[in-house]
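This report describes the strands, a pocket and several individual residues of one protein model. Please keep the sequence and the three-dimensional view at hand while reading.

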Amino acid sequence: MTARPDVVVLGAGVSGLSTGIRLAESGARVLVRTAAPPAQTTSALAGAMVGPNLSPPGDPQRAWTDETLRMFGDEPMPGVAWRDGTLAARPAGATPPFAEQTPGFRPLGEDERPAGFGTAFAVRLPLVDMPVYLAYLLQRFRDAGGEVRVAPVGSLDEAATVARSWSTAPGWGRAR
């Protein structure tokens with residue numbers, strides 16, 4: 001990237017890279033500034049299960065989760081595997097609102113529930129191997145023309161200065 005970025009995204013975890021991808025794929029020049037490479041972020045240490053989406057229809061979080069589930073279901077994605085499982089709660093009748101809209105939702109009968117649980121239901125949800133998925137996101141971001149600079153940002157004022165004084169001098173470049 002030789003021109004000044006349109007956007008500076010702070011952080012190269014799953015949220016930062018996903019944001020950078022959306023912006024870069026929409027035509028923006030994007031710089032991700034991060035204290036650590038993606039493989040060393042908190043996201044890389046996390047396990048991820050997407051869902052169930054328990055937000056009511058019309059809630060922005062519901063739309064975000066539904067879009068994520070749609071993306072993960074459209075085509076195979078590195079690090080993402082759909083798995084069948086059981087979610088359970090000790091009290092009877094504790095099925096959360098909107099759980100029935102979860103992929104693969106099926107209430108489990110008394111003979112199917114784990115011992116000691118009054119509520120249980122089957123679901124099919126994506127499980128994400130975060131190091132693999134982050135590597136995929138980083139490559140997709142780079143393929144869209146995005147740049148990553150591993151250098152902590154001390155303040156939002158500093159981030160704004162970075163955006164105004166984009167440089168191609170040594171030290172600018174991609175995360176390793």
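## Basis of the report

The model is predicted, and for that reason local features need pLDDT of at least 70 and side-chain atom pairs count only at pLDDT 80 or more, while totals for chains, interfaces and linings use all residues. Residues are numbered from 1 along each chain as its sequence is written, and side-chain values use heavy atoms, with hydrogens and water left out.

Helices (H or I, at least four residues) and strands (E, at least two) are DSSP runs, numbered from the N terminus. Two strands are said to pair if DSSP finds at least two bridges between them.

Strand β6 covers residues 119–128 and is mostly covered, with 8 of its 10 residues buried. Here, buried means under 20% relative accessible area, exposed means over 50%, and partly exposed lies in between (1.4 Å probe, protein chains only).

## The parallel sheet

An open sheet is formed by 3 strands in the order β1-β2-β7, and the pairing is parallel. Strands β1 (7–10) and β7 (147–150) stand at the edges, each with a single partner strand, so one side of each is left without a neighbour in the sheet. On average, neighbouring strands of this sheet are turned by 25° against each other, direction ignored. For such angles, axes are lines fitted to C-alpha atoms, for helices over the stretch in contact, and angles run from 0 to 180 degrees between N-to-C directions.

Strand β1 pairs with strand β2 (residues 30–34) in the parallel sense over 4 bridges, and Val8 stands opposite Leu31 of β2. Helix α5 (residues 156–164) packs on the sheet and touches β1 and β2, its direction making about 140° with that of β1. Contact means heavy atoms within 4.5 Å.

## The largest pocket

The largest pocket has a volume of about 510 Å³. Among the 21 residues that line this pocket, Val14, Ser18, Thr68, Phe72 and Tyr133 are the closest to its centre. At least two lining residues are supplied by each of α1 (14–25), β3, α3 (60–74) and α4 (130–143). The lining has 12 nonpolar, 6 polar and 3 charged residues. In this classification Ala, Val, Leu, Ile, Met, Phe, Trp, Tyr, Cys and Pro count as nonpolar, Asp, Glu, Lys and Arg as charged, and the others, Gly among them, as polar.

On a 1 Å grid over the protein atoms alone, a pocket is an open set of points where a 1.4 Å probe fits, with protein on both sides within 12 Å along at least five of seven lines, and lining residues have an atom within 4 Å of a point. Grid points are joined across faces, edges and corners, and a volume is the space filled by probe spheres set on the points.

## Backbone details in two loops

The loop between β3 and α3 contains Pro52. The peptide bond from Gly51 to Pro52 is cis, with omega near -5°.

Phe98 is placed in the loop between β4 and β5. Its phi is near 70°, a positive value in a residue other than glycine. Phe98 counts as partly exposed because its relative accessibility is 24%.

## Three further residues

Gly11 lies in the loop between β1 and α1 and is partly exposed, with a relative accessible area of 25%. Leaving aside residues up to four places away in sequence, Gly11 touches Gly16, Leu17, Val32, Arg33 and Thr34. The C-alpha atoms of Gly11 and Thr41 are separated by 8.4 Å, although these residues are 30 residues apart along the chain.

Trp64 belongs to helix α3 and counts as exposed because its relative accessibility is 62%. Asp129 is found in the loop between β6 and α4 and is partly exposed, at 40% relative accessible area. From C-alpha to C-alpha, Asp129 and Trp64 are 20 Å apart in space, and they are 65 residues apart in sequence.
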